[in-house]
Amino acid sequence: MSDLQGDGTGYMTQFFGKTNRSGLTRELIEALFPMFEEASAGAIAVDREARITWINHSYSQLLGLKDPTEAMGRPVRQVIPHTRMPEVVETGKPLLLDIMEHNEQQLVVTRLPFYDDEGNIVGAVAFVLYDDLQPLTPLVSKFRRLHQDLAAARKALARKTRGTRYSLGDFVGASPAALEVKRRARLAAGRDMPVLLLGETGTGKEVLAQAIHSVSVRAEKPFVGVNVAAIPDNLLEAEFFGVAPGAYTGADRRTREGKFHLANGGTLFLDEVGDMPLPLQAKLLRALQEGEIEPLGSNKVVSVDVRVIAATSRNLETMIADGEFRSDLYYRLNVLEIAIPPLRDRMADLGVLCEGLLEEICDGLDLRGEINDAGVAALSSYDWPGNIRELRNVLERALTMSEDGGVLDADAIFRVLPRSSVRLMSTNTPRPVRPLAQTIADAEAQAIEEALVATRGNRTRAAKLLGVSRSVLYEKLAKMS
Ligand SMILES: Nc1ncnc2c1ncn2[C@@H]1O[C@H](COP(=O)(O)OP(=O)(O)OP(=O)(O)O)[C@@H](O)[C@H]1O
């Protein structure tokens, strides 16, 4: 321990009486003080007037003082301009942890007042705990990471409680067409009426339905989605209205709640409503008109209060003309219609969509996802039959295949754009060999995308072309998104 006063522990008597204000003995303080002084990167003391009374060797070196004795008796601010020791002397309040700038260096400091036998402040002492922030970096980044995790978990929890993953901000786009969609969505959110969302596959119908729910008066109530096309026809009624106990003989004699019941008080999202068989259309209409449902095998009706948001990629008016959709149900559902344009009609949004989707893809992964102007231009040469879902898949594949995981350029995009896009110039870059499962999954995704291109997004026809059932196609599409 260095002592500019030169008399060993002499300065100690100068700082403390026999006991301090809180009753600590001088012995204890005398044992602690040298430890602190030695472990720290510097120590200094000032008197009641904030003039330096003592400074140790390491601090004078840290401050770059040629002759430390010259600092004695000088106002501490003259020597350390950013110190807050005068404030400690003035208020009597310790500053336990602070970061102080000195000559472009950041010092982590602690400052404590000290008292005489009568409890009067007679000065302050300060220790430099760290003379750079480096040792604290792991601590600070761990704290930041935990903080971010906590914020993400809180957000996810809030969404889970509401049953939604998306809010209006998640519907990305600033083109006039996208802004009009958002304007109508806000209108829909403000009024408790049925909404019909029209748009091709992957245009964001579900994103929008959840967003409308999350800003509506029903936001705190459940959001329940049913994809009509993904459920075999013979199970749809039970899925919608539930099953009373004992309705079926055999193993499963339990009550099963239907989606209407689960959505009670909230929003029921009917995706691909155009795929609903006619007999069920009649039952749905009745449920909407009466606000009552009758679970399968029960002879009791149950009141329900749900707001229906329906969506379809099919032309319901043509279906009505062909006798495939009930016009009375159509008018019941179509009180407020929102037509979501396909991606090819809002190419101005490509850049911002890429930014948002890349961020989403890279979230939680050790990947950097960026795309340059040439990459975006390459994307705009394609007409996107699978819309934003397909754009997301293309970006994901491009990122996985890009060797440095860095900025996606035109080459990286052309390498993964579906070959069926006739407008593309193909690059002859050979594809790296990848695990078989991934190659098969990609080939399957490509076949599905080609079928959707051929049918302009009509999934019933695409499933037929692929020789799979509609529900299998939906299952595969869900895995692709
Ligand atoms: N405007 C948008 N901004 C950002 N992401 C979007 C947008 N629209 C869609 N997406 C993303 O595209 C994917 C498909 O969206 P979504 O499921 O809402 O489409 P959809 O129209 O309901 O499709 P489908 O008719 O096939 O069910 C999701 O990953 C979603 O996050």
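Predicted model: local features only at pLDDT ≥ 70, side-chain atom pairs only at ≥ 80, totals over all residues.
**Exercise 1. Get an overview of the chain: how many helices and strands does the protein chain have, and what share of its residues is buried?**

Start with the secondary structure: the protein chain contains 20 helices and 14 strands. Next, turn to burial: of the 481 residues, 34% are buried. Finally, look at the contacts with a separation of 6 or more: 64% of them link residues 24 or more positions apart.

**Exercise 2. Trace the open sheet: in what order do its five strands lie, and which are the edge strands?**

Begin with the order, which is β7-β8-β11-β6-β12, with parallel pairing. The edge strands are β7 (223–227) and β12 (336–339), since each of these pairs on one side only. From one strand to the next, the twist averages 15 degrees. Now zoom in on one pair: β7 and β8 (residues 267–271) run parallel and are joined by five bridges. To find a bridge in the model, take G225 and look across to its partner in β8, F269.

**Exercise 3. Describe the ligand's surroundings: how many residues surround the ligand, and which are the closest?**

First, count the shell: 20 residues surround the ligand, and V172, T201, G204, K205 and E206 are the closest. Then sort the shell by class, which gives five nonpolar, nine polar and six charged residues. Next, ask which helices contribute: α8 (205–214), α14 (350–362) and α16 (387–401) each supply at least two shell residues. Last, step back to the domains: domain 2 (163–341) and domain 3 (344–480) each provide at least three residues of the shell.

Technical notes. Residues numbered from 1 in each chain as written. Near = placed C-beta within 6 Å. Helix = DSSP H or I, 4+ residues; strand = E, 2+ residues; numbered from the N terminus. Nonpolar A, V, L, I, M, F, W, Y, C, P; charged D, E, K, R; others polar. Domains from an automatic or database assignment. Buried ≥ 20, exposed ≤ 12 C-beta atoms within 10 Å, placed from the backbone. Contact = placed C-beta atoms within 7 Å. Pairing = 2+ DSSP bridges. Axes fitted to C-alpha atoms, helices over the stretch in contact; angles between N-to-C directions.
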